[in-house]
Amino acid sequence: MRTENGLILENQEISYETYRMIVKTSIAREASCGQFVQIQVPGYYLRRPISICNAEDDRITFVYKTVGEGTKAMSQMKAGEEISLFGPLGTGFPNEDRDVLLIGGGVGTPPLLFTAKKYIAAGHHVTAVLGFNDAKSVMLEKEFKEAGCDVYVATMDGSYGTKGTVIDAIAANNIKDTFVLSCGPLPMLKAVSAKYTDGCVSLESRMACGMGACMGCVVKDHEGESLRVCKDGPVFAIGKVVL
Ligand SMILES: Cc1cc2nc3c(=O)[nH]c(=O)nc-3n(C[C@H](O)[C@H](O)[C@H](O)COP(=O)(O)OP(=O)(O)OC[C@H]3O[C@@H](n4cnc5c(N)ncnc54)[C@H](O)[C@@H]3O)c2cc1C
Ligand code: FES
C-alpha cells in the first residue's frame, strides 16, 4: 500500500449520477479484487473509500455515485488533473478454484466486475445478478457481459429486468449456483446471508484512516469480537459478522 498522486485519464458520467474515473497509477499493479482505495478529493480532509472496479497495468478504474459533497466534487475533476490515492487497502475476495455467483446491488456492483474478470481468466463460469432501484440506475451490465458473465438484472420498480430484488431475479431465472460473492446495501447482504452459507459479503462502513489504526469502522462478529471493515474486511465470510 502507498500514497501516490495518480493522473486522471477519464472521468465521465456512465449512468444516473454515476461516474467512471480511470486513473494512471502504479497502485494498479498491487490491486486485487474486492480491495479499495482511499481517495483524497481536493478540499476535503477525510479520504473517500472507493472500490477498485478494474486494475490493468498502470490503470485503476473507479465507478462511483455522487451521494454527497465529496463525490460531487470528485465528479467535477477533469482528465489531466492529479488525484491523491492511498491503497490498495483491505482484504478482498478470495480467488477460489470454482464457478461463482456474483450478487451486486447499486454501488456494490463495481468491485464485482474486477472479481468477475479474475474468475473468468482462471477458466470459471461466472453468473452475475445485479440489482438496482430503476432502469436509469443500472450500471456495468454491458461490461459484465463483455467480460463473459451470464448477467441478470433486477430493478425494484420493474422498469428493467426482473421486478424486485436480486433474490427475486435468482428465483425467476432458476440460478442454482451455491458459491456466492456479494457486495451491496445492508438489506441485500442480509437477504444473501439468509439464503446462502458458502461465500463472502463485502461491507461498507464510514472510515477515517482506512488502514486499521483508528477503530472507526468496527463491526462485531458473532462471538462479540471487534473487526475492522477497512483491514480485516471489507470482505468477510458469510455468517462471520453481525449484519
Ligand atoms: C470499502 C468501501 C468501498 C466503497 N466503494 C464504493 C464504490 O466503488 N462506489 C461508490 O459509489 N461508493 C463506494 N463506497 C461508498 C463511498 O465511500 C461513499 O459514497 C462516499 O464516501 C461518500 O462521500 P461523500 O463526500 O460524497 O458523501 P458525504 O455523505 O458528504 O460524506 C461525509 C463523510 O462520510 C463518509 N461516507 C459517506 N457515505 C459513506 C459510505 N457509504 N461508506 C463509507 N463512508 C461514507 C465519507 O467518506 C465522508 O468522510 C464505498 C465505501 C466503502 C467503505
Ligand atoms: S477506518 Fe481506521 S480502523 Fe478502519
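Two rings of Phe, Tyr or Trp (its six-membered ring) pair if their centres lie within 6.5 Å, and planes under 30 degrees apart count as stacked. By that criterion, a search of the whole structure, which is a predicted model, finds 1 aromatic pair. That pair is formed by tyrosine 19 and tyrosine 64, whose rings are stacked at 5.8 Å centre to centre with 20° between the planes.

**Aromatic pair**

- The pair links distant parts of the chain, since tyrosine 19 belongs to strand E2 (residues 18–24) and tyrosine 64 to strand E6 (residues 59–65), 45 residues apart.
- Both tyrosine 19 and tyrosine 64 are buried, and their strands, E2 and E6, follow one another in the order of an open sheet.

**The open sheet of 7 strands**

- The 7 strands are arranged in the order E4-E3-E7-E1-E2-E6-E5, and their pairing is antiparallel.
- Strand E4 (48–51) and strand E5 (54–56) are the edge strands, each of which pairs on one side only.
- On average, and with direction ignored, neighbouring strands of this sheet are turned by 35° against each other.
- Helix H2 (residues 110–121) packs on the sheet, where it touches E4, E5 and E6, and its direction makes about 45° with that of E5.
- Strand E3 (residues 36–40) and E7 run antiparallel and are joined by 4 bridges; isoleucine 39 has leucine 85, in E7, as its bridge partner.

**Helix H5 and its two sides**

- Helix H5 (residues 186–195) has Met188, Leu189 and Val192 as its buried residues; seen down the axis of H5, these fall within an arc of 100°, so they line one face of the helix.
- An α-helix has 3.6 residues a turn, so residues three or four places apart point the same way.
- The face of H5 turned away from the buried side carries the exposed residues Pro187 and Ala194.
- The cover over the buried residues of H5 includes strand E8 (100–105), H4, E12 and strand E13 (198–202).

**Charges over rings**

- Arginine 98 places its charged end over the ring of phenylalanine 179, at 3.8 Å from the centre of that ring.
- Lysine 136 lies over the face of tyrosine 16, and here the distance from the ring centre is 4.3 Å.

**Cis peptide bonds**

- The peptide bond from glycine 87 to proline 88 is cis, with omega near -5°, and proline 88 is found in strand E7 (residues 82–89).
- The peptide bond from glycine 233 to proline 234 is likewise cis, with omega near 15°, but proline 234 is found in the loop between strand E15 (226–228) and strand E16 (235–237).

- Leucine 140 has a positive phi of about 70° although it is not a glycine; leucine 140 is placed in the loop between strand E9 (126–132) and helix H3 (141–147).
- Buried or exposed, what is the state of leucine 140? Leucine 140 has a relative accessible area of 6% and is therefore buried, the cut-off for this being under 20%.
- Asparagine 174, which is not a glycine either, has a positive phi of about 55° and is found in the loop between helix H4 (166–172) and strand E12 (179–183).
- Asparagine 174 is exposed, because its relative accessible area is 52% and the cut-off for exposed is over 50%.

Conventions. Residues are numbered from 1 along each chain as its sequence is written. Chains are lettered from A and ligands numbered from 1 in the order in which they are written. This is a predicted model: local features need pLDDT of at least 70, side-chain atom pairs count only at pLDDT 80 or more; totals for chains, interfaces and linings use all residues. Side-chain values use heavy atoms; hydrogens and water are left out. Buried means under 20% relative accessible area, exposed over 50%, partly exposed in between (1.4 Å probe, protein chains only). The arc is that of the directions from the helix axis to the C-beta atoms. Contact means heavy atoms within 4.5 Å. Rings of Phe, Tyr and Trp (its six-membered ring) pair if their centres lie within 6.5 Å; planes under 30 degrees apart count as stacked, over 60 as edge-to-face and the rest as tilted. A charge sits over a ring if NZ of Lys or CZ of Arg is within 6 Å of the ring centre and within 35 degrees of the ring normal. Two strands pair if DSSP finds at least two bridges between them. Axes are lines fitted to C-alpha atoms, for helices over the stretch in contact, and angles run from 0 to 180 degrees between N-to-C directions.
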